[in-house]
Amino acid sequence: NFSLKQLQTMDAAHHLHPFTDHKDLREAGTRIITRADGPFIYDSEGHELLDGMAGLWCVNVGYGRKELAEAAYRQMQELPYYNSFFRCTTATPVLLAQKLAQIAPEGISQVFYGSSGSESNDTALRLVRHYWALEGKPQKNIIISRHNAYHGSTVAGTSLGGMSAMHDQLGGAVPNIVHVMMPYAFELAMPGESDHEFGIRAAKAVEDAILEAGPDNVAAFIGEPIMGAGGVKIPPESYWPEVQRICRQYDVLLMLDEVITGYGRTGAWFASQSMGIQPDTITTAKALTSGYQPLSALLVGDRIAARLVESGGEFYHGYTYSGHPVACAVALANLEIIEREGLIERVRDDTGPYFRQVLTERLAGHGIVGQVRTFGLMGAIEIVKDRQTRERFPGDGAAAVVVRDHAIAGGMMMRATGDTMILSPPLIWTRETIDMAADRILRALDLAEADLRK
Ligand code: PMP
């Protein structure tokens, strides 16, 4: 006797629930977010929370931006939608492409729009395989990814990703995708192995996979510059240059998934720029509109773009909402805010370093913290039972959930992924906001430690 009004996806350890109304939702423990302003979100019970996750890694310019609402309203009145098939386009996706050309890393020349990161990774997968087919090497179609990677929830996104729980429920992945070790020194480095050495070893796993499959069969390597959903895993500095060198050596394309790192989070427009990576494709979404509209953009490098154009053939691929005019209008206004307010420079020169300093000085020595790591405005706090041995609490991530629940109850919205607490705040955070976050996280850690050591 229920009507299925809303299907809600829950964090791990929950299930899909059919819900009937808000009261049932609240009784089941779901918080209903009703409004937001600047760095704060508010729930239906009137609680104020500091949003440490920028929505879901996307609201980079913060909440309540009238310019973005106005851009959407203007565009909806002028032209709410037209397709990008029939040899048509609308004006805003073209303007946005020009803007993207200015900010994208060198060597990027075209863009393919979608509505989500997952969709754009599907596009990327098809595109790189199509590229090699055009080159007369259709068998060069294996994609190498990493364990624990997250590349979306479509069948292709899940297949590219390396989350075992998701694969277990996939019932058949897209073929010819293989997964290698992730660059996660905290758990995977051997005793006595330096970060540098570990980074080289993790990159070597990519080379081993290429050699095992045969370089003539490997189309591309895909990776998030910094694994996000997998726990803000920041690779050692030696990792990406070595992965890039290996890809070039075996003529394997390099696909970056910057759905989280794109548009300012790392203190540059893209992490590829912060880290000196020159990819063939870059998947972007989320912060392109700061989450005010669903929009993704696959940035395509010269090599693939030129081959596609030269072939004169068509790539039979496109979504109804590719280049949606309203979403693109919002993206333009959003990128303008990021530029006008100097948010990227602020992350690079001020709030990013301050975030690292405060988290390190105030949290890294806590009794249940095994490591703090940050890059720009992305952060991770490893929850451990024993700081020396890095032994975890039992329950596979249950301890981090205890910390998270205390954090949320104390007004700090953050995420638990496995045994790691993660932060990815709006880029409008100031030094004061960072101090406030550290206070609240510290309190949550204290309360959690008291619970966990009972
Ligand atoms: N790639 C990465 C790195 C992501 O973090 C996400 C979303 N968290 C996606 C792809 C999928 O994006 P979407 O949810 O918009 O489909």
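Which elements do the buried residues of α10 pack against? The model examined here is predicted, with local features reported at pLDDT of at least 70, side-chain atom pairs counted only at pLDDT 80 or more, and totals for chains, interfaces and linings drawn from all residues. Residues are numbered from 1 along each chain as its sequence is written.

The buried residues of α10 pack against α9 (195-213), β9 (218-223), β10 (253-257) and α11 (271-275). Helices (H or I, at least four residues) and strands (E, at least two) are DSSP runs, numbered from the N terminus, and two residues are in contact if their C-beta atoms, placed from the backbone, lie within 7 Å. Helix α10 spans residues 239-249, and Y239, W240, E242, V243, I246 and C247 are buried in it. A residue is buried if 20 or more other C-beta atoms lie within 10 Å of its own, exposed if 12 or fewer, and partly exposed in between. The face turned away from the buried side carries the exposed residues R245, R248 and Q249. After α10 comes D251, with a positive phi near 50°.

A helix pair comes next. Helix α5 (residues 117-134) packs with helix α12 (residues 302-311) at an angle of about 55°, and their axes are 10 Å apart. Axes are lines fitted to C-alpha atoms, for helices over the stretch in contact, and angles run from 0 to 180 degrees between N-to-C directions. The angle therefore makes α5 oblique to α12 (under 35 degrees is roughly parallel, over 145 roughly antiparallel, 65 to 115 roughly perpendicular, and the rest oblique). From α5, L127, Y131 and L134 make the contact, meeting I304, R307 and S311 of α12. The residues of this contact divide into four nonpolar, one polar and one charged. Ala, Val, Leu, Ile, Met, Phe, Trp, Tyr, Cys and Pro count as nonpolar, Asp, Glu, Lys and Arg as charged, and the others, Gly among them, as polar.

Two single residues round out the picture. A54 lies in helix α2 (residues 54-57) and is buried, with 28 other C-beta atoms within 10 Å. Not counting residues up to four places away in sequence, A54 touches V59, N60, S424, P425 and P426. D350, in helix α14 (residues 343-363), counts as partly exposed because it has 14 C-beta neighbours inside 10 Å.
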